[in-house]
Structures are given as structure tokens and as C-alpha cells.
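User: I am new to this structure and would like to learn how its features are read. Please guide me through it.

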Amino acid sequence: MRVYKIFKNFVLRLAFTSRLTLVVYGFVLGFVTMVIVLPHLAANRNTGFMKGKQLQEDTLERLLSEEKRSDGGDDRLARAVLNRTRILCWVMIRDGGNVKARALRATWGKRCDKLLFFGIDDEFAAIDLRTQEGKRFLAAKTFTCLKYIHKYHLNDADWFLKADDDTYIVMENLKYFLSEENPELPIYFGEFYNPYDTQYLRYNSGGAGYVLSREALRRYGDLALLRSVCADPGGPEDKEIGYCLRQLGVEIGDTTDRFGKSRFHYDRADLHAVGDVKQWYRDFMGARYRKGTDTMSDYPISFHYLQHYDIHIMEFVLYRLRPHGVVKSFKEVNVV
């Protein structure tokens, strides 16, 4: 009640006060407000700013700690793709001291669901199929490996990837691509060769790596021995495999992305980028030959002709190197 009476008397007094006096009262009230209230507002603003800054620092620290834990930032989408599609990888190695195979096993090979080495080397627990060594026997050795995988590992994976020891495979990109494909269809994927645009000579590059569906492998294991065309290969490995699979009704799948860009590559990335490739490669690619980084997919799958140190460099660039503060969002490139 006392406060009410004081306020009432103040209002009545103002009603009978001159304009000049009111101006003086207003100035005094404004000055008092500035002296008393504003310091509190500034303090609250500084406190809010510090809290916001601390929140930023805490968020950054949390993101950095998560990045250290996963060694690759937010890889939840990649892990989901990796877990959804099963791939058996198999590599034929040379005898003894294979530094490329060692680099392969330490990098992209560890992302295969199953990794098999064929050859004579205890370090890699290589499977010795007692085949003849040498480039002229490569196709026959490849056929023998396929027979072994069909017999012992047909149900261990959905897809079966053949790669050389000097090839680098970006497994997340391969599994992402295959996530839209059906392994029960007779099909195989890779870098498509069509020498001189002929109708009858079509196959996937061996160096770039190629991947067979489970049905394609099943047909090879069940029918290859019944077809003489698959019995005694003597030409280039990739050509012989392609011709054999074609006779078994296995189709060649398109691996370009939705923008028409390449994903499998028979050579190194830098040579594809500048077009420093051999003439035979241009002839084998036919009308589809192009060069430049803008012709390669943002989600490439393979590169070839790498030294062991190139394989480690690829691993570092893809999974460790990053510009500070730049986060790239996922882009859909599969043909849907």
C-alpha cells in the first residue's frame, strides 16, 4: 500500500508540473537508467557471448575427438554401405617379397569382407593351385582361381572382385555402386573395353579390376567345363574371361555414374586426368574415350599401375588428408 501511495502522489504531482520540469525529470530518469541498468545488460551480453564461444569450442572439441576415434570423421554412411554388401576380393601375387601385396593388404584389402591371395607365399597365406607362372599362363591361372572360389567360397559373398596387386580399390565406392545391383543376375562390372568399336570383342579390363555377381560365378563353376571356349584359354586374361562369360550368358554392366563419368580406371589417376595414355587404350575405349578430371566420377572405384608407395599415398589422401573446415556432403551418383 505504501508503494502504491508514493506512486499515486508522484503521478498527481506530474499532472500539475510544468513541461520544463517534466523534461528535467525525464533526463534524470534516463541518466539513472543508463548508469544502473546498462552495466548489467553488458555483463549479461558478455556472459552470453562467452557461453556461445565456449559452446563452439566444446562442439569443435567433440567433433575432433569423434574424428580421432573413427580416423575419418563421420563415416556412418560409409559403414552402413560396407556392412550391407559382401565382397570377396582375390589377388594373384608373384613369388616372394611382394611389397605391393603387402601395401594392398595394409590398405584397401582390409575393407574386403574376405581377401584371398593366390600364389606361393607363406607371408600372405597364399593359396597354391600349382599353376604355371608367367604372363602367357595368366588366363589359365585366373580360370583355375575362379574354379577354386566357386567350389569353396560361392556363398561367402554377394560379389567377387578380381584385382591385381598394383590396383587400388576404393571399397566404399565399390560397395555403394553395387548396393543398387542384384547379385543374383548374371552380370559382371569393370572398365568396359570395345576395341575399335567391334560388335563381338567386348570385355572388362583386367588391370582396372572386375567384379562378378554370385550368379556369374555360379554359371562359370557349373557350366564352364561344358563349354570348350572356357577350357583352354591362351590369350590375354581379361579378353579370355570376357569371352568365356559371354558364352555363359553373363552380361557386361555399365559402371559409369549418372553423369556419364568413369569409375573404373586401367591407369593412374594423374595419367587419366591429363590424357597421357597409350594409343591402344584409346583404341580399346573406342568412342567412349575421354580425358580430364571432369570425366572421372567423384566416387571413383579403381586405379591401376601403382607402386607400393602409390598405394599408401592413395590411402593417405582418401582417408586422412583434408582441408581445414571443409566438409563435403554426399552426392547421389548411382543411376536410379
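User: Why is helix H6 (residues 171–178) largely enclosed by the rest of the structure?

Analyst: This is a predicted model, in which local features need pLDDT of at least 70, side-chain atom pairs count only at pLDDT 80 or more, and totals for chains, interfaces and linings use all residues. Residues are numbered from 1 along each chain as its sequence is written, and side-chain values use heavy atoms, with hydrogens and water left out. Buried means under 20% relative accessible area, exposed over 50%, and partly exposed in between (1.4 Å probe, protein chains only). Helices (H or I, at least four residues) and strands (E, at least two) are DSSP runs, numbered from the N terminus. Eight of the eight residues of H6 are buried, so the helix is largely enclosed. Among them are Glu172, Lys175 and Phe177.

User: Which residues cover the two faces of strand S3?

Analyst: On one side lie Trp159, Leu161 and Ala163, on the other Phe160 and Lys162, and all are buried.

User: In which sense does S3 pair with S1, and in which with S8?

Analyst: Two strands pair if DSSP finds at least two bridges between them. S1 (residues 87–92) and S3 pair in the parallel sense over five bridges, with Leu88 opposite Phe160. S3 and S8 (residues 210–213) pair in the antiparallel sense over four bridges, where Phe160 stands opposite Leu212.

User: Is Lys141 buried or exposed?

Analyst: Lys141, which belongs to helix H5 (residues 138–153), is buried, with a relative accessible area of 7%. Contact means heavy atoms within 4.5 Å. Leaving aside neighbours within four places in sequence, Lys141 is in contact with Met92, Ile93, Phe118, Gly119, Thr131 and Glu133.
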